[in-house]
Amino acid sequence: MDQSGAGPAPSEAGSNRLRRAGTVLALLPFFVYIGAFLLLPTFIVAVGAFQDAEGGVTLANLQVALTQKAFVDAFARSIQLSVVTALAGALLGGLLAWAVAAGNPDGLLRHVVVAASGVLAQFGGVMLAFAFLATFGFNGLVTVFIDDVLGLDVLSGGTWIYGLTGLAVVYTYFQIPLMVIVFLPAIEGLRKEWWDASASLGGSSWAYWRHVGGPILAPSFLGAVLLLFTNAFSAYATAAALVSQGAPIIPLQIRTALSSEVILGQANVGKALALGMVVVVAIVMAFYAVIQRRASKWLR
Amino acid sequence: MTSAAPSRGRRRPSVIARWLVLILVGGYLVLPLFAMLEFSTRGPGGARTLDAWTAIGSDKTLVGSIIVSLELAALTVIGMILLLVPTMSWAYLRVPRARRIIEFLCLLPLAIPAIVIVVGIAPIYRSLNSVFGGSALTLVFVDIILVLPYAYRAIDGGLRSVDVNTLADAARSLGAGWPRVIAQIIVPNIRGGILNASVLAIALVLGEFTISSLLNFRVLQVVINLLGKRNAFTSVAVSLAALIFAFLLIIVISRLAPGGGSRGRQAAEEE
């Protein structure tokens, strides 16, 4: 009776409640910290998007963010860039994950690819922009090779790297390793027995991927594509380092809004743009959560 | 685990396809890194030189920013451990109902882009700067938030892989108080997870650009970016050096930590 905790003696009830309160209070510093440095900033963005310069309630910021051509175009380009690089990255990264998974799980290749993927996918940012300038920029390795050695001018002197095409190429570059990290566990979740079962029934390699491997991996693949989309959509550093003129995508529009501040009456447009980003990411993440639940069915 | 390699003989076409993928996709990933090496060692008249690399050490602003970023990384690791380890251990031991909300909050930064956080946190930093005199080390507060998702997963993996409740019961029955249980029983048992979390935090802080640049703090990535406009060769050299440093850090730790990166897989198989 005592241990089940169903009915403590009345005299102990007070001290028990105190102790239980103390138990929960020990978590308080964490919640206060998260509140101050994560929830409060988000709140400031969400509320600020609906405020004018004097703090009054207004829809003008959102109206500007959703109708002014520069912003609408930037949103469209951001989404386009994210879709294209998510698909390209998922395809190439998925293939690479498959190639790595087919090898020795404790081998050097797997260790090197996983570690390198971690670095390139998550910590690259500015450094990757410079990597691509050194490759495809005005004096880059590939540009110089094609111009001087092959005598062609297909890369038009490396100016394309500063534009939307350049962004797509660099973004795809960091999407591939992220795909490897996200998708490798799913591929490694495929059981050898399934392959054997398919083969023993006379199934070809194609039949296996068509009827067994493919359908099992499909939800994981789709989930990974969504994750890659939000990754590209949220990315800022690479674009900021590469593009110094103009602001083709939304994160760069926010940079402009932050650094130039207060065009009269537009003080909080940056917050409205930021809120717009959160809404897009939240919608994609909601789909991701649904798909993830289906994907985990086979990965137990 | 041991029988993972599929029988090779009857899958010859896929062996060729596998190497083709490794060479083509792997090659695409390696090419820009090789280009950085080539670019940063260019000398006059086609010769090779290490001038751009030695210039790293003589650029005072650059060295200063490297030191600030390393200090920031150390502070972030300490803060992350102090914030997460007691909270997560306590939730595992005493308040299991809080685990879901803690997980949700820790993974939340994945859904809120850094560029959005910076918009909302700029006013907060305006008041922080008046207290701390605008030191770049105050970035530790927001860097801890940025590393939360990665640190949470690593530490959670550590906590899952040991039976913390039994350990805690044993220590309690021998008279240990809760602080001692966490510091001397739980922490040593999840040190692999803590180590993983720390490495990810260091790499992330050394690579952080979005928030520091928009709040005007001169950390490593911000200075590299400014340097790129003046001296492309040195900025490429220091970028490559930083990438290699992060890579080695992760390789070394994944070898050191028991179970390393494959822990998740093992845990999944045991269940």
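**View 1. Contact between chain A and chain B in the predicted model.** The contact draws 68 residues from chain A and 69 residues from chain B. On the side of chain A that touches chain B, helix 2 (residues 28-48) gives the most, with ten residues. By residue type, this side of chain A divides into 50 nonpolar, 13 polar and five charged residues.

**View 2. Packing of helix 6 of chain A with helix 12 of chain B.**

**View 3. Residues in the contact of helix 6 of chain A with helix 12 of chain B.** Helix 6 of chain A contributes Met127(A), Phe130(A), Ala131(A) and Ala134(A). From helix 12 of chain B come Ser235(B), Val236(B), Ser239(B), Ala242(B) and Leu243(B). Of the residues in this contact, seven are nonpolar, two are polar and none is charged.

**View 4. Fold of chain A.** Chain A has 13 helices and zero strands, and its pattern along the sequence reads α-α-α-α-α-α-α-α-α-α-α-α-α. Of the 300 residues in chain A, 42% are buried. Among the contacts in chain A with a separation of 6 or more, 74% are between residues 24 or more positions apart.

Terms used: Residues are numbered from 1 along each chain as its sequence is written. Chains are lettered from A and ligands numbered from 1 in the order in which they are written. This is a predicted model: local features need pLDDT of at least 70, side-chain atom pairs count only at pLDDT 80 or more; totals for chains, interfaces and linings use all residues. Axes are lines fitted to C-alpha atoms, for helices over the stretch in contact, and angles run from 0 to 180 degrees between N-to-C directions. Helices (H or I, at least four residues) and strands (E, at least two) are DSSP runs, numbered from the N terminus. Two residues are in contact if their C-beta atoms, placed from the backbone, lie within 7 Å. Ala, Val, Leu, Ile, Met, Phe, Trp, Tyr, Cys and Pro count as nonpolar, Asp, Glu, Lys and Arg as charged, and the others, Gly among them, as polar. A residue is buried if 20 or more other C-beta atoms lie within 10 Å of its own, exposed if 12 or fewer, and partly exposed in between; C-beta atoms are placed from the backbone.
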